[in-house]
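Please examine the sequence and the 3D structure shown below.

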Amino acid sequence: MRIGDEQLVRALGPWRTPDAPLSAALAQAVREAVLDGRVRTGSELPAERRLATALGVSRGTVTAALDRLRDSGWVRTRHGSASTVRLPPAAAERIAPISATGETGSVTDLRRAVPAAPQEAYLAATRRAVERAAPLLAEHGEPGPGLPELRALIAARYSREGLPTRPEQILVTSGARAALTLLTAHFKPRVAAVEIPTFFDALRVLRGPGTRLVGSRVTTDGWDLDQLKAAFTAARGHLAYLVPDFHNPTGALMPQHIRRTVADLAARSQVTIVADETMRDLDLRDRPEPAPRIRGAVLIGSTSKAIWAGLRIGWIRATTPLISSLQSHPLAGPLSAPPMQQLIAAELLGDLEPVLHRRRGELRRQRDHLGKLLADDNRWHFTVPPGGLALWLHLTATPADTIVERVGKSGVELAPGPRFAADATLTHHLRVPYTPPLDVLNRVATVLDTACRD
């Protein structure tokens, strides 16, 4: 597939920059066009002389730009053939999404702690799914509880981890937020117990119907039992939303005795616990071991952290009667996952361990690197978490909003503590994801150091 001269010129747009050599600016423009989808990978570029004429530059400028792109893996040229645009292997198998690295000349956006897709495994799973999609495409395609194959795979994962589960106890949704949205719409809680801090999107979902949120404190050292008891008492007869496994954003792992206490509190207060296990697979300990579940909890799972947020697959694990009730809710259809996405998820979940092994290894290395960069500094305190995607910094002097504003001027976007708090507290806390590669983490640490000097 060859891209025409004028087509490429339009795709590149205004690419010249006053502070960069023409060849560097042109190479950067090609990279950005590929990442934005304006130039498709696999496209053959025009010949150098024609491209130089179309762009109004010398052939030497085009040659130098193509050399830069070849050296970094963005262009492949075979002798006697045109240069072909591609995504370099380093970009294809990254942990951090492009937006979190600043590679395209934009900001380094770390406001969301999310991984990029494992491209090789994902594309292979997509090809396998397409090859066996004919029976699926012959069906009606209407929403349901999920593909039987996918429900069985998810149920089997629970059973292997010591929680016997049947496929009919699984309802597939279009992500974890969709799962929480459906549960909130079903239970209609007037009050919900939540952790402070907690995942900000969950706060939005719970607040949507006007639910009053009652918080209980969580730090990197764990859960405050007294506040948990008070929150469950306030939420009597209603709902509690907890993240017990590598808690977002603190990274804390709820101990077994706290899980037993929480289950007892829920039973006494007649509170339905919704346990979000989205981070559960990101166990960064030397010997990952699944923690026992909170007894009686409704469980939410997702592929967003273990695989990719763009694979819109989540699920609810609950009793069969509750799953049946949820399936009949008017929102169940709109919140269901597309069948082809479910088929891709089934391919990935059927052989997830290689992906998890690599992802855990890279995240562990990046966590430890960032931890060393920020260690032994009296301007903040933190605990290296046993899992998850971020460090949770407690700033000792400067408010988080001030730091966020300062680092933003240096091209780094971070999320301040109040964003994670139901009561707008945590003004001296900051979440710093360790999803980017080491060189980007070096820059983030430098920017933080500068921002905290005043």
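The text that follows describes aromatic rings, a threonine, salt bridges and a helix.

This is a predicted model, in which local features need pLDDT of at least 70 and side-chain atom pairs count only at pLDDT 80 or more, while totals for chains, interfaces and linings use all residues. Residues are numbered from 1 along each chain as its sequence is written, and side-chain values use heavy atoms, with hydrogens and water left out.

## Aromatic rings

A pair of aromatic rings is described by the distance of the centres and the angle of the planes. Rings of Phe, Tyr and Trp (for Trp, its six-membered ring) pair if their centres lie within 6.5 Å; planes under 30 degrees apart count as stacked, over 60 as edge-to-face and the rest as tilted. The structure holds 4 aromatic pairs. One of them joins Y122 and W308, which are edge-to-face, with 5.4 Å from centre to centre and 90 degrees between the planes. This pair links distant parts of the chain, 186 residues apart: Y122 belongs to helix α6 (residues 119–131), and W308 to the loop between β10 (298–302) and β11 (314–317). Helices (H or I, at least four residues) and strands (E, at least two) are DSSP runs, numbered from the N terminus.

Burial is judged by relative accessible area: buried means under 20%, exposed over 50%, and partly exposed in between (1.4 Å probe, protein chains only). Y122, at 10% relative accessibility, counts as buried, whereas W308 is partly exposed at 32%.

A further pair is formed by F199 and F200, whose ring centres are 5.2 Å apart; their planes lie at 45 degrees, so the pair is tilted. F199 counts as buried at 15% relative accessibility, and F200 is buried with a relative accessible area of 3%. F199, F200, W392 and F420 form one aromatic cluster.

Where is T250 found? T250 is in the loop between β8 (239–242) and α12 (256–269), and at 1% relative accessibility T250 counts as buried. Its side chain is joined to that of H247 by a polar contact of 2.8 Å, and the side chain of T250 also reaches the backbone nitrogen of A252 at 3.2 Å. A polar contact is a pair of N or O atoms within 3.5 Å; within protein, one must be able to donate a hydrogen and the other to accept it, and residues adjacent in sequence count only if both atoms are side-chain atoms. Leaving aside residues up to four places away in sequence, T250 touches P197, V218, T219, T220, P385 and W392, where contact means heavy atoms within 4.5 Å.

## Salt bridges

Side chains of opposite charge can pair when their charged atoms come close. A salt bridge is a side-chain nitrogen of Lys or Arg within 4 Å of a carboxyl oxygen of Asp or Glu. A search of the whole structure finds 25 salt bridges, and the table gives examples.

| Salt bridge | N to O distance |
|---|---|
| R204 and D201 | 2.8 Å |
| R280 and D245 | 3.2 Å |
| R293 and E277 | 2.9 Å |

R204 and D201 both lie in helix α10 (residues 200–207), 3 residues apart, which is about one turn of the helix. D201 counts as buried at 3% relative accessibility.

R280 and D245 form a salt bridge that links distant parts of the chain, 35 residues apart: R280 is in the loop between β9 (272–276) and β10, and D245 in the loop between β8 and α12. R280 is buried at 9% relative accessible area, and D245 is buried at 1%. R293 is also buried, at 17%, as is E277, at 8%. Salt bridges that share partners join E161, D245, R259, E277, R280 and R293 into one network.

## Helix α15

Helix α15 (residues 353–374) has 22 residues and reaches 31 Å from its first C-alpha to its last, close to the 32 Å expected at 1.5 Å a residue. The expected span is 1.5 Å times one less than the number of residues. Among the buried residues of α15 are V355, L356, R359 and L374. What covers the buried residues of α15 includes α6, β13 (390–395) and α17 (438–451). Just after α15, D376 takes a positive phi of about 55 degrees.
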